[in-house]
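Morning, everyone. Let's bring the model up.

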Amino acid sequence: MSIDVSGIFSRPVLNIAHRGARSLAPENTLAAARKALECGAHMWELDVGVTRDGELVVVHDATLDRTTNVQEIYPFRSPWRTEDFTLEELRRLDFGSWFTREDPFGELSAGRVSPAEGEGYLGEPVLTLQDAFGFTAEHAWLVNVEIKDLKGSPREKGLVEKVVSLIEALHLTGQAIVSSFNLDYLERVRTVSPGMPVGVLTDDHHPRPVELLRSLSAQAYHPRLSTIALDEISALREEGFHVMVWVVNDEIDMRALIAAGASGIFTDYPQRMARVLEEANLSAGMKPAPIGR
């Protein structure tokens, strides 16, 4: 089956805000999504987790202690796994103060995030997937939906189907691509929604990515930057696949990937990527390689 991804890949190279603009705002929150949109990102990437009562939430880590005040609010519920809390319990947590306190990318100390903005992140609430999709739809934006690998968890049942159902219910099929490291999840996406674009996430170099992509009827390959050579990107594009590389924060790497024909670049700095793309569009020899077939 041919899947139309022209709406998603209508630009030469996608500027993809990794967990939102997480260098400027607390990751996987509406604040980070707003910042990414403000920076000119074409798409944002978010991570899907599940609560104890089966609600879909936007959280990257398996546990909540890095990005919330869960240890303060629920001190006796270690190891503070997302899946062990109900949505109502997550609503009691602060998903923003840690960013202002820790300044993980140094943007507050550098003055690129103002003290007022930092103060505004205090008390940032948990983001449900429905609200994240609502924001995406409201702004006619694009989203990469990474389904976290919950293999072996009791919360795994129906996870893929819930995500796909919500995408379809909010009419985001032409604006969303679903990715995962769990290849079984991608097969389930293909089963329940044959027209849904999927991307294969890899953390290691794969010796035969074309075979892998074809076996899953996938549209895109999402390799870690350190695991793919520039000539492999061109080869995959010629075979008809899109290549979206993660996580790229260095401008030199961004320029090299653009020249090699990458379809998209996941970055913690969409503001930086926007500048690089603007330069590339004006520079000879920096046009992306055409996609084959």
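Start with who touches whom. On the α7 side, look at Leu159, Val160, Glu161 and Val164; they meet Tyr185, Arg188, Val189 and Val192 of α8. Sorted by class, this contact has six nonpolar residues, two charged and no polar ones. Keep in mind that this is a predicted model.

Now the geometry. Two numbers describe a packed helix pair: the angle between the axes and the distance between them. Here α7 covers residues 159–169 and α8 covers residues 183–192. Their axes lie 9 Å apart, at an angle of about 50 degrees. Roughly parallel would need an angle under 35 degrees, and roughly perpendicular starts at 65, so this pair counts as oblique. As for handedness, α7 crosses α8 in the right-handed sense.

Take the largest cavity. The space in there is about 80 Å³. Its lining includes Glu27, Asn28 and Thr29, then Val58, Val59, His60 and Asp61. Arg66, Thr67, Phe95 and Trp98 also line this cavity. By class, that lining has four nonpolar, four polar and three charged residues.

On to the second largest cavity. This one holds about 40 Å³. Thr202, Asp204, His205, His206 and Pro209 are among the lining residues.

Terms used:
Residues are numbered from 1 along each chain as its sequence is written. This is a predicted model: local features need pLDDT of at least 70, side-chain atom pairs count only at pLDDT 80 or more; totals for chains, interfaces and linings use all residues. Side-chain values use heavy atoms; hydrogens and water are left out. Axes are lines fitted to C-alpha atoms, for helices over the stretch in contact, and angles run from 0 to 180 degrees between N-to-C directions. Helices (H or I, at least four residues) and strands (E, at least two) are DSSP runs, numbered from the N terminus. Angles under 35 degrees count as roughly parallel, over 145 as roughly antiparallel, 65 to 115 as roughly perpendicular and the rest as oblique. A crossing is left-handed if the near helix is turned anticlockwise from the far one by less than a right angle, and right-handed if clockwise. Contact means heavy atoms within 4.5 Å. Ala, Val, Leu, Ile, Met, Phe, Trp, Tyr, Cys and Pro count as nonpolar, Asp, Glu, Lys and Arg as charged, and the others, Gly among them, as polar. On a 1 Å grid over the protein atoms alone, a cavity is a set of points where a 1.4 Å probe fits but cannot get out, and a pocket is an open set with protein on both sides within 12 Å along at least five of seven lines; lining residues have an atom within 4 Å of a point. Grid points are joined across faces, edges and corners, and a volume is the space filled by probe spheres set on the points.
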